[in-house]
Amino acid sequence: ARGHTGLVELLMFRVGNERFAVELLCVEEAIDLGEPHHVPEMPPAMLGVITVRDTLTPVFSPDDALGVAAVTKGAALIFRSNRGRFALAIDDVDDVTTLDLAQLRDAPGADSADSLVLGVARNGGGIVALVDAEALIAACQAMPIPELA
């Protein structure tokens, strides 16, 4: 997103006290998150599986990838990657907003090699971190997912 111009629609969400956003087109849907079912030999970031539209969907915690701990994990963002559908446990979905990419700034203290956070922007009275959805998916799925089919 850095170096690009134009407008992009973002889905904003909360993890802990921090606000993040991903491009709206990357999210299949946002749902209320029930209790995930434990799967033997789950990777550390995997919380379990849930059923979404008659499909077992692995649920991952973004805590380590984003560097902040979720409090309630009461909602989930559903993504579809080349490895299938997966859910990201978050505290809550905030809003959909449009951002002019020219307003995107470097994240404070971010390493230029860190491709997860693309930058930060002002939104209302606060700051929102724009996250690369593909990099977030890759970070959460860094360990192999058990076969669910």
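The entries below go from the overall layout to single residues.

**Ground rules.** I am working from a predicted model, where local features need pLDDT of at least 70, side-chain atom pairs count only at pLDDT 80 or more, and totals for chains, interfaces and linings use all residues. Residues are numbered from 1 along each chain as its sequence is written, and side-chain values use heavy atoms, with hydrogens and water left out.

**Layout.** I started with secondary structure, taking helices (H or I, at least four residues) and strands (E, at least two) as DSSP runs numbered from the N terminus. The protein has two helices and ten strands. Along the sequence I read β-β-β-β-β-α-β-β-β-β-β-α.

Next came burial: buried is under 20% relative accessible area, exposed is over 50%, and partly exposed is in between (1.4 Å probe, protein chains only). Of the 149 residues, 44% count as buried. The exposed surface comes to about 8100 Å², with carbon and sulfur atoms supplying 49% of it; areas are by the Shrake-Rupley method with a 1.4 Å probe, and for residues only the protein chains shown count as cover.

I also checked contacts, meaning heavy atoms within 4.5 Å. Among contacts with a separation of 6 or more, 59% are between residues 24 or more positions apart.

**Helix 2.** Which residues of helix 2 are buried? In this helix (residues 133–140) I found Ala133, Ala135, Leu136, Ile137 and Cys140. Their cover includes strand 2 (18–23), strand 5, helix 1, strand 6, strand 7 (84–90) and strand 10 (126–131). At the N-terminal end, aspartate 132 is the cap, with a side-chain oxygen 3.0 Å from the backbone nitrogen of glutamate 134.

**Cysteines.** I looked for disulfides (a pair of cysteine sulfur atoms within 2.5 Å) and the structure holds zero. Cysteine 140 is buried at 4% relative accessible area, whereas cysteine 26 is partly exposed at 30%.

**Aromatics.** I paired rings of Phe, Tyr and Trp (its six-membered ring) if their centres lie within 6.5 Å, calling planes under 30 degrees apart stacked, over 60 edge-to-face and the rest tilted. The count is three aromatic pairs. One of them is phenylalanine 13 with phenylalanine 20, stacked at 5.9 Å centre to centre and 25 degrees between the planes. Phenylalanine 79 and phenylalanine 86 are both buried, and together with Phe60 they form one aromatic cluster.

**Salt bridges.** My rule was a side-chain nitrogen of Lys or Arg within 4 Å of a carboxyl oxygen of Asp or Glu. The structure holds seven.

- Arginine 85 bridges to glutamate 28, with the closest N and O atoms 2.6 Å apart. Arginine 85 is in strand 7 and glutamate 28 in strand 3 (residues 27–32), so the pair ties together parts 57 residues apart in sequence. Arginine 85 is buried at 15%, while glutamate 28 is partly exposed at 35%.
- Glutamate 29 bridges to arginine 53, closest N and O atoms 3.0 Å apart. That links strand 3 with the loop between strand 4 and strand 5, 24 residues apart. Glutamate 29 is buried at 16%, whereas arginine 53 is exposed at 61%.
- Aspartate 63 bridges to lysine 73, closest N and O atoms 3.3 Å apart. Aspartate 63 is in helix 1, and lysine 73 is in the loop between helix 1 and strand 6, ten residues along. Aspartate 63 is buried at 15%.

I also noted one network joined by shared partners: Arg14, Arg19, Asp92 and Asp94.

Lysine 73 has a phi near 50 degrees and is partly exposed at 23%. Aspartate 54 has a positive phi of about 65 degrees. Aspartate 54 lies in the loop between strand 4 (46–52) and strand 5 (55–60), and at 78% relative accessibility it counts as exposed.

**Asparagine 123.** Where does asparagine 123 lie? I found it in strand 9 (residues 117–123), buried at 18%. Leaving out residues up to four places away in sequence, asparagine 123 touches Met12, Arg19, Thr97 and Val128. With arginine 19 there is a side-chain to side-chain polar contact of 2.8 Å. For polar contacts I took N or O atom pairs within 3.5 Å; within protein, one must be able to donate a hydrogen and the other to accept it, and residues adjacent in sequence count only if both atoms are side-chain atoms.
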